[in-house]
Amino acid sequence: QEDSNWDRPRAFCAVRRPPIFTVGFDMPMKELKTLLLKDEVHQLLLTAPAGSGKTTLVQMLCQDEKIKGMFGNNILFVNVSKTPNVKVIVQNLFSYKGYQPKYQIQSEEDAICQLPQMLSHIGPNPILLILDDVWLGSEFLFEKFKFNIPNYKILVTSRTAFPRFKHTYNLKQLNDVDAMTLFCHSAFLQDEISYIPEEDIKKIVRGCGGFPLVLKMIGGSLCGQHAVVWHSRLLKWSDGHFFFNSDTDLLPHLQKSLEFPDDKIIIKECFLDLGSFYAEQRISAANLIDMWAELYELDEDGIHAIANLQELTIRNLANLEMTRKDASEVKSYYNEDFVTQHNILRELALHQSSQEPMGLRKRLIMNISGTNLPKWWMEQKQQPINARLISISTDESFLGSWCNIQAPKVEVLVLNFQTKNYTLPEFVEKANELKVLIVSNCGFFHAEIKNFQLLWSLPNLKRIRLEKISISSLCKTLVPLKSLRKISLFMCNIGIAFENCTIQGSYALPNLKEINIDYCIDLVELPVGLCDIVHLKKLCITNCHKLFILPKGIGMLVNLEVLRIRSCTDLSELPESIRSLHKLSILDISNCLSISKLPIYIGELCNLKVLNMKGCLRLCNPLPESTIDLKQLMIVVCDEERAKLWEPIKDVLTKLKIEVAKKDINLNWLLK
């Protein structure tokens with residue numbers, strides 16, 4: 001039955017909006033819509049080679065008024081990709097529609113048994129289930145989702161023209177005119193096309209074969225380049241017409257978008273690093289900031305990392321999606337930003353990363369299914385791996401059986417998995433150069449972690465990020481991490497773990513500078529021992545809706561420079577001891593709906609420069625008298641009602657600027 005209080009993100013299966021600029025899809029959309037709406041069509045296959053715009057066409061279709069009028073809120077979008085997990089797909093569908101299964105889904109059979117019952121109850125509108133990017137070998141999924149339900153249609157997109165489909169729509173490549181339009185838009189040539197010989201442009205466009213993805217990538221790589229560079233690239237690519245009969249044909253031509261000048265070679269390295277995560281995964285910008293700060297010595301605030309991601313976005317090698325920034329966030333807060341990447345581009349990254357011999361690779365990216373460890377791992381387990389970045393992705397059937405490889409030079413380790421229990425590989429214990437550890441659970445349930453004690457001996461480990469992990473399992477084996485500078489917890493299950501976990505901050509975490517806790521929805525309060533971490537500079541607790549109190553001793557964090565307590569809707573007040581945070585320059589309490597007043601002695605925050613109180617709707621009391629002592633305060637972000645509270649003291653605080661925040665309904669968190 002429906003449960004409006006089921007507190008889980010609800011947009012796993014929402015259809016994203018299509019790109020702002022599209023061309024050549026009007027007729028295909030009209031034809032696809034006509035075919036889909038025929039009464040006799042219950043299952044429809046949309047097929048085309050990789051990079052043809054299948055997903056974009058479906059996104060546009062779902063924006064069509066007639067389609068929305070017919071299916072309403074019952075358009076369900078599932079990204080299938082290479083290794084589909086039926087259990088997770090069904091669980092996500094239940095979550096998206098706000099239903100809970102009648103009993104816990106333990107197996108694929110349970111999932112398929114319960115799904116039609118839910119689908120039968122979500123009317124009265126017809127239902128459209130979209131299975132996007134179904135790979136060869138995964139076509140069984142289509143059969144599992146066929147049910148005898150009235151007004152129920154399935155639309156499948158795939159690179160493969162599966163013969164079992166009675167109704168198929170073949171998406172053609174762009175014609176010459178549309179291909180030229182898309183290419184010129186991607187290369188920003190509309191106002192400066194005259195300086196590039198027209199014949200050169202036509203040759204390049206013809207070479208792209210009418211594939212939107214390739215046109216955008218090649219156009220982006222040539223954006224702003226001199227005409228001589230254009231002609232030079234054309235000579236390099238002049239090996240006849242390009243054909244894209246298969247993905248293996250496509251890869252060599254996609255490589256042409258990876259030509260970077262020497263001063264931007266780091267952009268290529270960043271692109272290759274994106275292959276460390278699951279295909280089509282929403283990659284947190286915070287993950288990449290941590291990785292690149294250590295691998296390429298970029299700034300810890302992430303400004304250069306974000307600039308690199310923007311460069312990749314311009315070149316159509318990735319898609320950086322950023323939330324709207326207030327003045328307090330422009331150069332310092334990227335926790336809600338993320339990156340997506342077409343799975344073809346990930347394949348390109350994996351292809352490029354695997355060209356060197358095993359012992360010479362900079363990055364080693366592995367995908368393990370079940371007990372099928374890579375052959376070289378079994379054969380060469382005594383030979384050291386010299387990669388600086390190692391990524392290991394395992395599926396739901398992985399049994400946790402590791403070979404003891406040697407990785408003495410690894411600096412960044414990314415572990416992606418889907419099981420409810422996960423054991424850290426034992427080779428971690430001897431990875432003395434390891435600086436960044438990212439443990440990401442992509443399954444539906446929170447996971448228990450074993451072997452966490454292996455980390456205590458690592459002399460250089462600076463950053464740890466845990467995603468969807470049960471923290472109670474770590475508290476049982478809590479170990480000192482003497483060199484750790486930053487820890488991030490995302491969607492972790494905390495429960496009463498902190499209550500049972502004695503954190504002796506000054507001993508266990510003597511060099512910790514930053515803590516991020518995000519979407520840990522069962523976090524109620526912080527451990528008292530956190531206040532002993534006196535070197536802490538940044539404390540960010542966001543979207544933890546059940547957090548109702550901060551430690552009274554938070555004023556002991558005398559080196560704190562940034563305190564973000566945003567979207568913690570149950571938090572009713574800030575401790576008075578906050579007055580002791582004399583180094584605090586940014587205080588963000590935005591969207592803390594229950595806070596009704598500022599601390600009486602807030603004026604003692606003598607270095608406070610930015611105060612974000614946007615969305616603090618209950619904060620209606622007059623400001624404390626001490627606010628006139630905030631001589632360094634430069635920016636206050638708030639809504640119109642709260643702005644009126646500051647008017648009386650603007651004449652005293654001459655540096656102060658009141659920024660009235662625009663109303664912004666940010667639903668990006670639903671998609672995480």
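Q: Is threonine 157 buried or exposed?
A: Threonine 157 is buried, with a relative accessible area of 1%. Buried means under 20% relative accessible area, exposed means over 50%, and partly exposed lies in between, using a 1.4 Å probe and protein chains only. Keep in mind that this is a predicted model, where local features need pLDDT of at least 70 and side-chain atom pairs count only at pLDDT 80 or more, while totals for chains, interfaces and linings use all residues. Residues are numbered from 1 along each chain as its sequence is written, and side-chain values use heavy atoms, with hydrogens and water left out.

Q: Thanks! Where is threonine 157 placed?
A: Threonine 157 belongs to strand S4 (residues 152-158). Helices (H or I, at least four residues) and strands (E, at least two) are DSSP runs, numbered from the N terminus.

Q: What does the side chain of threonine 157 make a polar contact with?
A: Its partner is the side chain of aspartate 132, at 2.6 Å. A polar atom of the threonine 157 side chain also lies 2.7 Å from the backbone nitrogen of aspartate 133. A polar contact is a pair of N or O atoms within 3.5 Å; within protein, one must be able to donate a hydrogen and the other to accept it, and residues adjacent in sequence count only if both atoms are side-chain atoms.

Q: And which residues does threonine 157 touch, not counting residues up to four places away in sequence?
A: Threonine 157 touches Leu46, Lys54, Val58, Leu131, Asp132, Asp133 and Val134. Contact means heavy atoms within 4.5 Å.

Q: New topic: what about arginine 566, buried or exposed?
A: Arginine 566 is buried, with a relative accessible area of 5%. This arginine is in strand S19 (residues 562-566), and its side chain has a polar contact of 3.1 Å with the side chain of aspartate 588.

Q: How many residues apart in sequence are arginine 566 and asparagine 612?
A: They are 46 residues apart in sequence, and 9.1 Å apart in space, C-alpha to C-alpha.

Q: Let's do strands. Why is S17 described as largely enclosed?
A: Five of the five residues of strand S17 (residues 514-518) are buried, so S17 is largely enclosed by the rest of the structure. In a regular strand the side chains alternate between the two faces of the sheet. For S17, Glu514, Asn516 and Asp518 are buried on one side, and Ile515 and Ile517 are buried on the other.

Q: Which strand does S17 pair with?
A: S17 pairs with strand S18 (residues 538-542) in the parallel sense, over five bridges. Aspartate 518 has threonine 542 in S18 as its bridge partner. Five bridges also join S17 to strand S16 (residues 486-490), again running parallel, and isoleucine 487 stands opposite isoleucine 515 there. Two strands pair if DSSP finds at least two bridges between them.

Q: What about S10, why is that one largely enclosed?
A: Six of the six residues of strand S10 (residues 389-394) are buried, so the rest of the structure largely encloses S10. Six bridges join S10 to strand S9 (residues 363-368), in parallel, and five bridges pair S10 with strand S11 (residues 412-417), also parallel. Leucine 389 has valine 412 in S11 as its bridge partner.

Q: Helices now! How many residues of H13 are buried?
A: Eleven of the eleven residues of helix H13 (residues 285-295) are buried, so to speak "mostly covered". Serine 284 caps the N-terminal end of H13, with a side-chain oxygen 3.1 Å from the backbone nitrogen of alanine 286. After H13 comes glutamate 297, whose phi is positive, near 55°.

Q: Last one: at what angle do the axes of H12 and H15 cross?
A: The axes of helix H12 (residues 265-273) and helix H15 (residues 343-353) cross at roughly 110° and come within 8 Å. The contact is made by Lys268, Phe271 and Leu272 of H12 and Leu345, Leu348, Ala349, Gln352 and Ser353 of H15. Axes are lines fitted to C-alpha atoms, for helices over the stretch in contact, and angles run from 0 to 180 degrees between N-to-C directions.
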